[in-house]
Amino acid sequence: MPQRKHKNWLQAFLQFASYGEAHTKMYFWVGVSTIAGALRRRVWIDQKYFQWVANSYVILVAPPGIVSKSTTASVGMNLLKEIPGITFGPDVVTWQKLVEDMSKAKELVFWPEKEAYLPMSCITLSSSEFGTFLNPNDREMVDVLVSLWDGQPGAFNKSTKTSGNDSIENPWINIIACTTPAWIAGNFPEYMIGGGFTSRCIFVYADKKRQSIAYPADHVPPQFLQQREDLIHDLEIISTLVGEYRLSPEATSWGEQWYENHWKTKHDHLPPDQFGGYLARKQTHIHKLSMILSASQSDDLIIERPTLELAASMIDALEEDMPKVFDKIGRNAMTKALSDLCEIIAAYGAIPRKELYRRLSRQVTWHDFGQLLQSAAEAGFVRLVQDGSDVLVHPGLRS
């Protein structure tokens, strides 16, 4: 096997992506999705009753205009498109088209350890607009995605009008998509939050730029293209890995202790009605990520304790912002307007009161806006500073 250029692909990818504006955690999860797309269903952790496979449903979430989510996702997906054998699905799909495309993606992968060929059908979906990819009210599409995330061995059978009964051996799907909190609030029924589909997703939230870069080309180093080639070189090596990942004894011991603590702990920061399903699947999220982190560093199919610990910490790091993804769902108009007001202040800083109202005028009247602004000031979300004939609205201590 050829030698890698980097000791840690994800670290090198973060350096490559650092000339953009998005938060580092967004680039990290784009990198995770990129490695997952390269690994496909060629690697797994066998638990006899089931298998963990290295796919992910990563959803980048940010208010409009904060970061270019689609550009952020494309930093990794454009690398993945250079790897031989990777199948991408279209941006806009029906469940019927998805099943047909996966059926066409069937391949046989040689597993040297067992001297056997493994059939599998693997596809990556990259969607710049989550809303064009998924209709949450399309229950059949949602059910298909729920089933495919688990990636269990065996045949997946689904009937379509054009090709009759499609049987997919060892199906596998990897998704990265972009959306806004407003789209989630407007399209996800409250009963779906915390259910089968959303609990399988990794929601990566950001409400501000990490840095402002007007002209990225002026900031990238002379070796930028070489960095890209080196990342593609290593990603192609990663794409050839095949076989069962095994946990070291130390990793197994740590994982057993984590599991016991997880079910004894009260997760007060994540309301159980919204996040009970996620908490039930958190162990799966951690082990999926642990395979990807291991592949980032080594060709050996061994997961060591530090890798498993790092996977758990990276999942933990998302939880503080997870409620922000769904906090507008089920709210009344005034509560939603207050949330939007705080988002605008957090994103843009000081803003004239009249300009702030113009941004919220479709939601509230001028009278209600005055009451809303006063309530936000009394709660410490904003500060009101007289500035000539107008009032400047500043972020407060609690914004």
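1. Let's start with helix 15, residues 366-378: at 1.5 Å a residue its 13 residues should span 18 Å, and its end C-alpha atoms are 18 Å apart, so the two agree. The expected span here is 1.5 Å times one less than the number of residues. Helices (H or I, at least four residues) and strands (E, at least two) are DSSP runs, numbered from the N terminus.

2. A word on the source: this is a predicted model, where local features need pLDDT of at least 70, side-chain atom pairs count only at pLDDT 80 or more, and totals for chains, interfaces and linings use all residues. Residues are numbered from 1 along each chain as its sequence is written, and side-chain values use heavy atoms, leaving out hydrogens and water.

3. Back to helix 15, whose buried residues are Phe369, Leu372, Leu373 and Ala376. They cover an arc of only 100° around the axis, which puts them on the same side of helix 15; the arc is taken from the directions from the helix axis to the C-beta atoms. On the other side, His367 and Glu378 are exposed. Buried means under 20% relative accessible area and exposed over 50%, with partly exposed in between (1.4 Å probe, protein chains only). Just after the helix, Gly380 has a positive phi of about 90°.

4. Next, the cores. A nonpolar core is a set of buried Ala, Val, Leu, Ile, Met, Phe, Trp, Tyr and Cys residues joined through side-chain atoms within 4.5 Å. The largest one has 98 residues, and Trp29, Leu98, Leu145 and Phe197 have the most contacts inside it. Helix 2 (residues 24-39) gives the most to this core, with ten residues. A second, separate core of 16 residues includes Phe369 and Leu373, along with Ile351 and Tyr357.

5. Thr124 and Ala38 are 86 residues apart in sequence, yet 9.2 Å apart in space, C-alpha to C-alpha.

6. Finally, there's an open sheet of three strands in the order 2-1-10, with mixed pairing. Strands pair if DSSP finds at least two bridges between them. Strand 2 (51-53) and strand 10 (243-244) are the edges, each pairing on one side only. Strand 1 (residues 43-46) and strand 10 run parallel, joined by two bridges; Trp44 has Glu244 in strand 10 as its bridge partner.
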